[in-house]
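Hi everyone, thanks for having me.

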Amino acid sequence: MVGAMSRGTAESEGAAAPQVAPRAMRADARRNHERLLTEARTAFAEHGTDASLEDVARRAGVGIGTLYRHFPNRHALLSAVFEDAVSDLLSRARELSRAPEPCGALVTWLREMVEHASEYRGLSRALMSVTNDDTSALARCSDPIREAGSELLTRAQDAGTIREDVAIADLLQLTHAIALAAGETPGDPELADRLLMLTLRGLKPT
């Protein structure tokens with residue numbers, strides 16, 4: 001009886017054992033994925049979209065084969081980095097949507113949008129150069145960004161601090177133009193903020 005129970009226990013343990021290993025592997029894979037994204041984001045910001053993938057893998061503490069298992073080519077990694085950065089902006093917009101000062105919240109988010117556009121301008125250009133697919137990272141991120149910005153803009157308009165005729169699409173175009181101007185003038189680190197403040201003054205009700 002004891003032998004049967006022992007065999008039953010051993011069989012049960014044997015059946016359960018394979019379920020543990022995959023969970024550990026998935027956790028390791030997730031950590032590798034996150035480290036690769038973090039290091040790729042830094043590398044692309046510092047060195048542009050032609051940054052060495054071998055260097056990204058080395059900085060993440062993995063082999064180049066591991067990088068390619070997660071991201072089969074450079075475009076896949078670029079897309080993932082872009083979506084990761086946009087996810088941060090969307091999370092920030094949700095936080096700011098609860099801020100007590102709607103206009104201040106909008107200004108803060110637009111300032112962070114300018115920083116994002118400046119840092120990842122080359123990334124956006126690289127993605128645009130290889131795909132016009134409606135399912136691309138740029139296309140997938142476009143609507144959520146507009147919706148997040150629209151909510152912040154509407155709150156500021158409802159509070160009477162921004163003109164009613166201002167559209168989020170125009171505001172986002174302005175932030176991208178400011179980021180472009182700032183990128184062309186690296187010797188003036190305050191330029192982007194000055195241009196943003198000038199723009200916002202023109203958006204206030206008369």
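Let me start with a definition: helices (H or I, at least four residues) and strands (E, at least two) are DSSP runs, numbered from the N terminus. Two ground rules come next. This is a predicted model, in which local features need pLDDT of at least 70 and side-chain atom pairs count only at pLDDT 80 or more, while totals for chains, interfaces and linings use all residues. Residues are numbered from 1 along each chain as its sequence is written, and side-chain values use heavy atoms, with hydrogens and water left out.

So what do we have on the screen? The protein chain holds 9 helices and 0 strands. Read from the N terminus, its elements go α-α-α-α-α-α-α-α-α.

Now to burial. Here buried means under 20% relative accessible area, exposed means over 50%, and partly exposed is in between, with a 1.4 Å probe and protein chains only. Of the 206 residues in the protein chain, 35% count as buried. Accessible areas come from the Shrake-Rupley method with a 1.4 Å probe, and for residues only the protein chains shown count as cover. The protein chain exposes about 11900 Å², and carbon and sulfur atoms supply 54% of that.

Let's look at charges. A salt bridge is a side-chain nitrogen of Lys or Arg within 4 Å of a carboxyl oxygen of Asp or Glu. How many salt bridges does this rule give? The count comes to 13. In one of them, Arg59 pairs with Glu39, and their closest N and O atoms are 3.4 Å apart. Arg59 sits in helix 2 (residues 53-60) and Glu39 in helix 1 (residues 2-47), so this pair ties together parts that are 20 residues apart in sequence. Arg59 itself is partly exposed, at 27% relative accessible area.

Stay in helix 2 for a moment. Asp55 makes a salt bridge with Arg58, with 2.3 Å between the closest N and O atoms. Asp55 and Arg58 are 3 residues apart in helix 2, so about one helical turn separates them. Asp55 is partly exposed at 22% relative accessibility, whereas Arg58 is exposed at 56%. Asp55 also meets Arg59 in a salt bridge, at 3.6 Å from N to O. Those two are 4 residues apart in helix 2, so again the separation is about one helical turn. Through shared partners, salt bridges join Glu39, Glu46, Asp55, Arg58 and Arg59 into one network.

UniProt, in an unreviewed entry, places a "DNA-binding region" at residues 52-71. UniProt positions are given in the numbering used here, feature names are shortened, and annotations may be inferred rather than shown by experiment. Over residues 52-71 the chain is 75% helix and 0% strand, and the end C-alpha atoms are 14 Å apart.

On to the inside. A nonpolar core is a set of buried Ala, Val, Leu, Ile, Met, Phe, Trp, Tyr and Cys residues joined through side-chain atoms within 4.5 Å. The largest one has 34 residues, and those with the most contacts inside it include Leu106, Trp109 and Ile145. Among the elements giving two or more residues to this core are helix 4 (74-96), helix 5 (102-119) and helix 7 (137-158). Which helix gives the most? That is helix 5, with 9 residues.

Last, the cysteines. A disulfide is a pair of cysteine sulfur atoms within 2.5 Å, and the structure holds 0 of them. Cys103 is buried at 15% relative accessible area, and Cys141 is buried too, at 7%.
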